[in-house]
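Please keep the sequence and the model in view while reading.

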Amino acid sequence: MNYPFFALMARMKYITRWGLMRNSISENDAEHTLQTAMIAHCLAVIRKDIFHQKADPERAAMLALYHDASEVFTGDMPTPVKYFTSDLHEQYEKIENRAREKLLATLPEELKPSFAPYVVDMEKDELWPLAKAADTLSAYFKCMEELRDGNTEFREAYRSIGEKLKKLHYPEVDWFMDHFAESFSKTLDELNR
């Protein structure tokens, strides 16, 4: 039998993000996922090496790697739509959970227990908040890049996501912001100076 799990995951490159907004540079789920996994890994490294708390950076990266995997079935639901009403958000969560289960079902039985913590049970993991924070940071940096390129369409998203990041009160996020965030507003020439 041939299993479609990885063929489905490969389709993340076809899922466009920020569907309700004009983008200077389009972004797909695969690109976003790569950045989110790298940031989640770094947040866990910061927790471990800067704040000297227990953390598994590789596990944090794996949680982030599959954080949007359900979107191979659902597509990317824009945030204003997803949170339009509490009932709609609740229904979307049910759909998302069903999509995760359906994705897990596309693996051989022997592999399902190893993938389940990342594909369907990620929210139960103690590192899940770092993966979600990385997801938010990735969105914030997308907004910064769009604004840097003169696209004011992202001004309000930049402001509201920035507020969301501050309200997290995660020392790892604050440290990351203090040490890495400003560079996302720079051009390549400025980064190479």
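The model is predicted: local features need pLDDT of at least 70 and side-chain atom pairs count only at pLDDT 80 or more, whereas totals for chains, interfaces and linings use all residues. Residues are numbered from 1 along each chain as its sequence is written, and side-chain values use heavy atoms, with hydrogens and water left out.

**The nonpolar core**

A nonpolar core is a set of buried Ala, Val, Leu, Ile, Met, Phe, Trp, Tyr and Cys residues joined through side-chain atoms within 4.5 Å. Buried means under 20% relative accessible area, exposed over 50%, and partly exposed in between, with a 1.4 Å probe and protein chains only. The largest nonpolar core has 48 residues, of which Leu43 and Phe141 touch the most other members. Two or more residues each come from α1 (5–10), α2, α3 (57–65), α6 (86–104), α7 (112–119), α8, α9 and α10. These elements are DSSP runs numbered from the N terminus: helices are H or I with at least four residues, and strands are E with at least two. Helix α8 gives the most to this core, namely 11 residues.

Contact means heavy atoms within 4.5 Å. Not counting residues up to four places away in sequence, Phe141 touches Gln35, Ile39, Phe176, Met177, Ala181 and Phe184.

**Helix α10**

Which residues are buried in helix α10 (residues 171–180)? They are Glu172, Val173 and Phe176. Seen down the axis of α10, the buried residues fall within an arc of 95 degrees, so they line one face of the helix; the arc is that of the directions from the helix axis to the C-beta atoms. Their cover includes α2 (29–50), α8 (128–148) and α9 (155–168).

**The pockets**

Rolling a probe the size of a water molecule over the atoms shows where empty space is left. On a 1 Å grid over the protein atoms alone, a pocket is an open set of points where a 1.4 Å probe fits, with protein on both sides within 12 Å along at least five of seven lines; lining residues have an atom within 4 Å of a point. Grid points are joined across faces, edges and corners, and a volume is the space filled by probe spheres set on the points.

| Pocket | Volume | Largest share of lining |
|---|---|---|
| Largest pocket | About 1000 Å³ | α8, seven residues |
| Second largest pocket | About 190 Å³ | α8, four residues |

Of the 37 residues that line the largest pocket, Thr79, Lys82, Tyr83, Asp135 and Lys164 are the closest to its centre. The lining divides into 16 nonpolar, eight polar and 13 charged residues. Here Ala, Val, Leu, Ile, Met, Phe, Trp, Tyr, Cys and Pro count as nonpolar, Asp, Glu, Lys and Arg as charged, and the others, Gly among them, as polar.

The lining of the second largest pocket includes Ile25, Glu31, Gln35, Lys142 and Arg148. By class, this lining has one nonpolar, two polar and seven charged residues.

**Single residues**

Thr136 is found in helix α8 and counts as buried because its relative accessibility is 10%. Leaving aside neighbours within four places in sequence, Thr136 is in contact with Ile161, Lys164 and Leu165.

Trp18, in the loop between α1 and α2, has a positive phi of about 60 degrees although it is not a glycine. At 14% relative accessibility, Trp18 counts as buried. His52, in the loop between α2 and α3, has a positive phi of about 55 degrees and is not a glycine. At 66% relative accessibility, His52 counts as exposed.
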